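Dear colleague,

I am passing on the structure below, and my notes on it follow. Please read them with the model open beside you.

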Amino acid sequence: REFPELLEGTDETPITVLEAGCGVGNGMLPTARKAGNIRVIGCDFSANAVELFQKHDDFDPETCRAFQFDLTTRSPPLVELAGACVADYATLIFVLSAMSPEKMPLAVK
C-alpha cells in the first residue's frame, strides 16, 4: 500500500528497484513477492544484513541481487556492483538518517 507505483509493472516490463540500505530484506522483498513483477537490487553497509537479505524467504536470485556497499564513499562505483541496469525507483528508507549531513548529498547522487 505504501508504494502503489510498484504494482504497475507487468511480466513483460518489470520494474527495477534499488533499495539502498536494504537491511535484511523486510522492506522490498515482500513487496516484490506480492507484485511478482519487480527486480530488486539491494545494497547495505552491513555485510551481515546482506547475508540475511540473501537468505530471506522471498529472495529469488533470478530477480534479486544484494551486495555490501557504503553510499558515503562510492568506492567502488555503484554501477560496478549493481551492473549497468537502470532503476525505475530507489528507496533510501532510514538510510539518510544514519549518516552525517555532509555525506548525504553524495549518497543521493
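How many aromatic pairs does the structure hold? The structure holds two of them, where rings of Phe, Tyr and Trp (its six-membered ring) count as a pair if their centres lie within 6.5 Å, and planes under 30 degrees apart are called stacked, over 60 edge-to-face and the rest tilted. Phe-53 and Phe-59 make an edge-to-face pair, at 5.8 Å centre to centre and 75 degrees between the planes. The rings of Phe-67 and Phe-69 have centres 6.5 Å apart and planes at 75 degrees, so this pair is edge-to-face. Phe-53 and Phe-59 are both buried, as are Phe-67 and Phe-69; buried means under 20% relative accessible area, exposed over 50%, and partly exposed in between (1.4 Å probe, protein chains only).

Before going on, please note that this is a predicted model, in which local features need pLDDT of at least 70 and side-chain atom pairs count only at pLDDT 80 or more, while totals for chains, interfaces and linings use all residues. Residues are numbered from 1 along each chain as its sequence is written, and side-chain values use heavy atoms, with hydrogens and water left out.

Phe-53 also belongs to the largest nonpolar core, which has 14 residues, and Phe-53 is among those that touch the most other members, together with Leu-6, Val-17, Ile-38 and Val-40. Such a core is a set of buried Ala, Val, Leu, Ile, Met, Phe, Trp, Tyr and Cys residues joined through side-chain atoms within 4.5 Å. Elements giving two or more residues to this core include helix H1 (28-35) and helix H2 (47-55), where helices (H or I, at least four residues) and strands (E, at least two) are DSSP runs numbered from the N terminus. The most comes from H1, with three residues.

In H1 the buried residues are Met-28, Leu-29 and Ala-32. Seen down the axis of H1, they fall within an arc of 100 degrees (taken from the directions from the helix axis to the C-beta atoms), so they line one face of the helix. On the other side of H1, Arg-33 and Lys-34 are exposed.

Arg-33 also meets Asp-58 in a salt bridge (2.8 Å, N to O), the rule being a side-chain nitrogen of Lys or Arg within 4 Å of a carboxyl oxygen of Asp or Glu. Asp-58 lies in the loop between H2 and E3 and Arg-33 in H1, so the pair ties together parts that are 25 residues apart in sequence.

With best wishes
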